[in-house]
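This report is meant for someone meeting the structure for the first time. Please look over the sequence and the model below before reading on.

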Amino acid sequence: MSSDAPLFLGMLSGTSRDGADTVLVRFHDNKPEVVASQCVAYPKRLADMLKRMIERHRRPDDHELHTADEELSGFFALAAWGLLNKAGVSAADITAVGSHGQTVWHHPVRPNPETIQLGNPQRIADLLNIPTVGHFRQADIKAGGQGAPLAPLLHQALLKPRQGVCAVVNIGGIANVSLLQEDGSVSGFDTGPGNCLLDGWINTHQGAGYDRAGEWAAGGKVDDKLLALLLDDPYFEMRPPKSTGVEYFNFYWLQGRLGARGENAMHASLRDIQATLSELTARTIADAILDSSPTELLVCGGGTHNVDLLNRLRRLLPGITVQTTESRGLDPDWVEGVLFAWLARERLAGRKQDTSRITGAREQVLLGEVFYPANTEA
């Protein structure tokens, strides 16, 4: 592959809030090559601040947003510098950064929809001296869309069905699916919790950041009555387009359902509850795609490392091949980073995106705003 192809840097922190994912991508026509990648973990103080801000079911106040925005933009810029140094690449070699930042509030409900991603793109552009594309959801919201998910656009561009319908699921804190048709069209939406409840439960009761390979859940037994109570949330019955976040599905949401289960919840062990949460994620993903009769399911995101979760998906989807996007040449850990590098490339090229069957936007939209370094003319 030619080393003269343009380089883009994609950055985000997903709904799992592990830290800043940074991916250096070289595009050869429409084929991405991941040149370098890394995840820089949030320092504990910043991680705790984000947790408090996001998981309390209300919009953060403006003072909180300003403070966190300043810190996060500096953090993302440092993470980007670290990746460039690791790759031995200078800022002058980068065409643009695509930075999604950190979502702290997503409320796409009319008549006053709002989505907030922190990590000021202008400050990132100034600190890196690289044009930066950010605010990817806002134009879609203005066009009547949900603003999310955006991953189906990349899946449509890169993961063509081999036959029939191909489903792709990105399992981060929240899970989202893409349904790719043979005619090239795509639809998609957020299915609900991915890893967020699993991570929260094991962190509270085992002190671990996540359930390694899903081993704790695998040793538990699903509580069918609790599972039915969890599935009885109105979100799961909503028709697409729909999107959600960890400001809704979080530990407080779970506590409310456990409280509704009452004394009977105490009959389930902590490990049984972890197994039930794993089944919830698998069930809601399976329910979201079965009506489309896909021939294969490609999985990406952090959930690809959860062996128990993948086994549950295979059990719920008999006759459907379940494998990761690695089988199509896309490292499942970095698909979202590639997404924002790709969206930055699309934005600079002035290409509008058709999100009508994903977010419900009324018209094609130009996703993202371009921010140039203060000492550079646009």
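Predicted model: local features only at pLDDT ≥ 70, side-chain atom pairs only at ≥ 80, totals over all residues.

**The chain as a whole**

The secondary structure comes to 13 helices and 12 strands, and the C-alpha trace spans about 65 × 50 × 45 Å along its principal axes. The radius of gyration of the chain is 20 Å, which agrees with a compact globule, because a globule of 378 residues would have a value near 21 Å. Buried residues make up 56% of the 378 residues, and among the contacts with a separation of 6 or more, 71% are between residues 24 or more positions apart. As for charge, the chain carries 36 positive and 45 negative side chains, and the centres of these two sets lie 2 Å apart.

Strand β4, which covers residues 94–107, is mostly covered, with 12 of its 14 residues buried.

| Strand paired with β4 | Residues | Sense | Bridges |
|---|---|---|---|
| β1 | residues 7–13 | parallel | 6 bridges |
| β6 | residues 132–134 | parallel | 2 bridges |
| β5 | residues 114–118 | antiparallel | 5 bridges |

Individual bridges show how these pairings are placed. Val 97 of β4 is the bridge partner of Leu 9, and Val 97 also has a bridge partner in β6, namely Thr 132.

Is Val 186 buried or exposed? Its relative accessibility is 5%, and because buried means under 20%, Val 186 counts as buried.

Leaving aside residues up to four places away in sequence, Val 186 touches Pro 152, Gln 156, Ser 178, Leu 179, Leu 180, Arg 357 and Ile 358. Gly 368 is 182 residues from Val 186 along the chain, and the C-alpha atoms of Val 186 and Gly 368 are separated by 20 Å.

Note on methods
Residues numbered from 1 in each chain as written. Heavy atoms only, no water. Helix = DSSP H or I, 4+ residues; strand = E, 2+ residues; numbered from the N terminus. Rg over C-alpha atoms; globule rule 2.2 N^0.38 Å. Buried < 20%, exposed > 50% of the residue type's maximum accessible area, 1.4 Å probe, protein only. Contact = heavy atoms within 4.5 Å. Lys, Arg positive; Asp, Glu negative; His and termini not counted. Charge placed at Lys NZ, Arg CZ, Asp CG, Glu CD. Pairing = 2+ DSSP bridges.
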